[in-house]
Protein chains: 2
Amino acid sequence: MKTSLLALSLSALVATAAMPALAQSDTIETERHDVQLHTITDGLENPWGMTFISNTEVLVTERPGHLRRVSLDGTVSEPLSGVPAVDARNQGGLLDVAVDPDFANNSYIYISYAEPNPDNDKENSTAVARAKLDGNALTDVEVIFQQYPKYESTGHFGSRLVFSPEGHLYITLGDRQTRKDASQELDTHIGKTVRIWPDGSVPEDNPFVNKDGALPEIWSYGNRNVQGAALHPETKELWASEHGPRGGDEINIIRAGNNYGWPDASYGINYDGSILTEHTHLEGAEQPHYYWVPSIATAGIMFYTGDKFPEWQGDLFVGALRDRHVARLDLEGERVMHEETLLKGDIEQRVRAITQGPDGYIYLLTDDPDGRLVQVKPAND
Amino acid sequence: MKTSLLALSLSALVATAAMPALAQSDTIETERHDVQLHTITDGLENPWGMTFISNTEVLVTERPGHLRRVSLDGTVSEPLSGVPAVDARNQGGLLDVAVDPDFANNSYIYISYAEPNPDNDKENSTAVARAKLDGNALTDVEVIFQQYPKYESTGHFGSRLVFSPEGHLYITLGDRQTRKDASQELDTHIGKTVRIWPDGSVPEDNPFVNKDGALPEIWSYGNRNVQGAALHPETKELWASEHGPRGGDEINIIRAGNNYGWPDASYGINYDGSILTEHTHLEGAEQPHYYWVPSIATAGIMFYTGDKFPEWQGDLFVGALRDRHVARLDLEGERVMHEETLLKGDIEQRVRAITQGPDGYIYLLTDDPDGRLVQVKPAND
């Protein structure tokens, strides 16, 4: 049995040796800052969204339907109770999470998820619930938005949650994959961005409130599948990443009533390599602010405003699923001056979400059955 | 001798077979257009600048000091007589060529070149001469601009020639490689863009005409080595490519009196890999409109406005020396939405100049001892 014991010892040794490498990377050079990756925790099951609830604690969603509190010391809570049932097939499940602007006083959090149709278990759509966070429980759970109509699909749910400075809640949505034409029709929430008040009511100045046959929650249309959204730190406008077809991932500035062209205009190509549409321009529709061909599979986005990486201030960071990297768009105001590909080969998992912590570090969630919360910090920190 | 004969036949066969490949490429796919490359002529000696003088004929400079007429049928003239003496060491020599806006009536052409100091054969600087084109001769040659001061260097001469809609002549210059600090000083033409009238006189509304100690020709300063320039087709402003250090090639919109920051601010890094300056932003200096890290070694630029490539209309094309390609910046107005790398691996020579022909095709000059004039046309043309 000597051989087996040796094998066992070796494997234990390898496991031990691997631990520090997982926790802290070597120095990674980038154009302007040398960085290190510190893995706060792994073992998260396909995490999708996150939001800080204190200087040291993050709420993290796992797509299969769990919401957890994760401390920066690596402690991970049990799943919180009170989360609504989700349809976790394929791209569906528990998706984004956000805190109320007045969270410190009202304890409200918001979650987006694929909500099953109780009358037809093949159908679902994106919904948003508000709840109070009470320790490891959600209480007073209230559904404040349901994407209309429910539909038989397990793809393209959106959905990011972003508050405006005035307290509106933006919800980005998807075209349900096989309903792309509905993105151009105002009588559904398919392929739209919506804007509501946190109690679910409709702002009076939404662009289509007075338009016959249009759903009043609609803020913009002609969107394909928006899985990243953030407010520009200076203009306070909503910027969004739109996951395109094989090519044609876009960054858009999402303004009231605008048509972003999908599916009639796109820089994308079909998965068989053919051009999706000859139309990159569509009368009355917006051109992208920036786009990628081929697709990098854009996910969460973040503007950096912290003091830990001075040369990155004002820049837009875009999580990428396909090549498992982060794109940095060097912005001068709104203008893209340069794109840098960060962390390619260093993360090795799909980057689903990205946010700035209260500490000025950057945090990434990797969408993997053994997904991670990763802290990006200066190498000399 | 049978073997030798066979070898000879084979080599003749190979040479013959290679000819059509040189003349016409296979179809090359790009994101929006399939193209073919048609080599109008090879055998040009380090060609640097070109300008159409009719629908079917191009004036081409060769850096060692020759100016030739090249017909689109491949006919290449003998060197034209009357070209001034040039200092053709290293980067110096005969550089750009442009025709007068009223060329059809006045036959004026303009050439930029490294002009030797007659009193010191180690010194030179960029000069511009005007002349009448008379068959294969230049007559009435007149030097209308001399970069001040002459200096002992064989690098960084600029120099592109572009006319404004009002008939001013822009001349882009370089920092002479070892005089970079002078780019920030207004008492030399080093590291500047200048604007003059075609007879060499100074426009009264140039930005520094009333500034004590400043040279009145100066239009902008803080430029490193501008080897590409073109007017934006809508705004009519001057855009320029600035050849940066190892990183930090830039596209700038060159506006009156602006400081483009060199050498105090740059995204570049030194050739040993160290950061050139910590300052990417400099108070009072412009940020680049777009930049590359690492450098692609930008050269000539062109806005496409023709009808042969409808999806490229309004886009900026940038010749690249290092990777022997052309960068396409997809513009919406002035905004860069996307960059495409075109023709990488297809040209195999450094792309020094790029222009649109009267026929709507795109023409490239490759800077090589066996340089080419290449026509880019639709694959199905």
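Asn46(A) is buried, at 13% relative accessibility. Buried means under 20% relative accessible area, exposed over 50%, partly exposed in between, with a 1.4 Å probe and protein chains only. This is a predicted model: local features need pLDDT of at least 70, side-chain atom pairs count only at pLDDT 80 or more, and totals for chains, interfaces and linings use all residues. Residues are numbered from 1 along each chain as its sequence is written, chains are lettered from A and ligands numbered from 1 in the order in which they are written, and side-chain values use heavy atoms, with hydrogens and water left out.

Back to Asn46(A). Its phi is near 45 degrees, a positive value in a residue other than glycine. Most residues other than glycine have a negative phi. Asn46(A) sits in the loop between β2 (34-44) and β3 (47-54) of chain A. Strands here are DSSP runs of E, at least two residues, numbered from the N terminus.

Asn90(A) also has a positive phi, near 50 degrees. Its loop runs between β5 (66-71) and β6 (94-99) of chain A. Asn90(A) is partly exposed, at 47% relative accessibility.

Next, peptide bonds. Most are trans. Tyr148(A) and Pro149(A) are joined by a cis bond, with omega about -5 degrees. Pro149(A) is in the loop between β9 (137-146) and β10 (161-163) of chain A. In chain B, a cis bond links Gly158(B) and Ser159(B), omega about 5 degrees. Ser159(B) belongs to the loop between β9 (137-146) and β10 (161-163) of chain B.

Now strand β12 of chain A, residues 192-196. Five of its five residues are buried. Lys192(A), Val194(A) and Ile196(A) point one way; Thr193(A) and Arg195(A) point the other way. In a regular strand the side chains alternate between the two faces of the sheet.

What does β12(A) pair with? Strand β11 (residues 169-172) of chain A joins β12(A) through four bridges, antiparallel. Pairing needs at least two DSSP bridges between the strands. Thr172(A) has Thr193(A) as its bridge partner. Strand β13 (residues 218-221) of chain A is also antiparallel to β12(A), over three bridges. There, Lys192(A) partners Tyr221(A).

Last, the surface. Asp181(A), Glu185(A), Asp187(A) and Asp264(A) form a negative patch. Patch residues have over 30% relative accessible area and no salt bridge, with like charges joined within 9 Å and nonpolar side chains within 5 Å. A salt bridge is a Lys or Arg side-chain nitrogen within 4 Å of an Asp or Glu carboxyl oxygen. Asp264(A) is partly exposed, at 36%.

Terms used: Areas by Shrake-Rupley, 256 points an atom, 1.4 Å probe, with all protein chains shown as cover. Lys, Arg positive; Asp, Glu negative; His and termini not counted. Charge placed at Lys NZ, Arg CZ, Asp CG, Glu CD.
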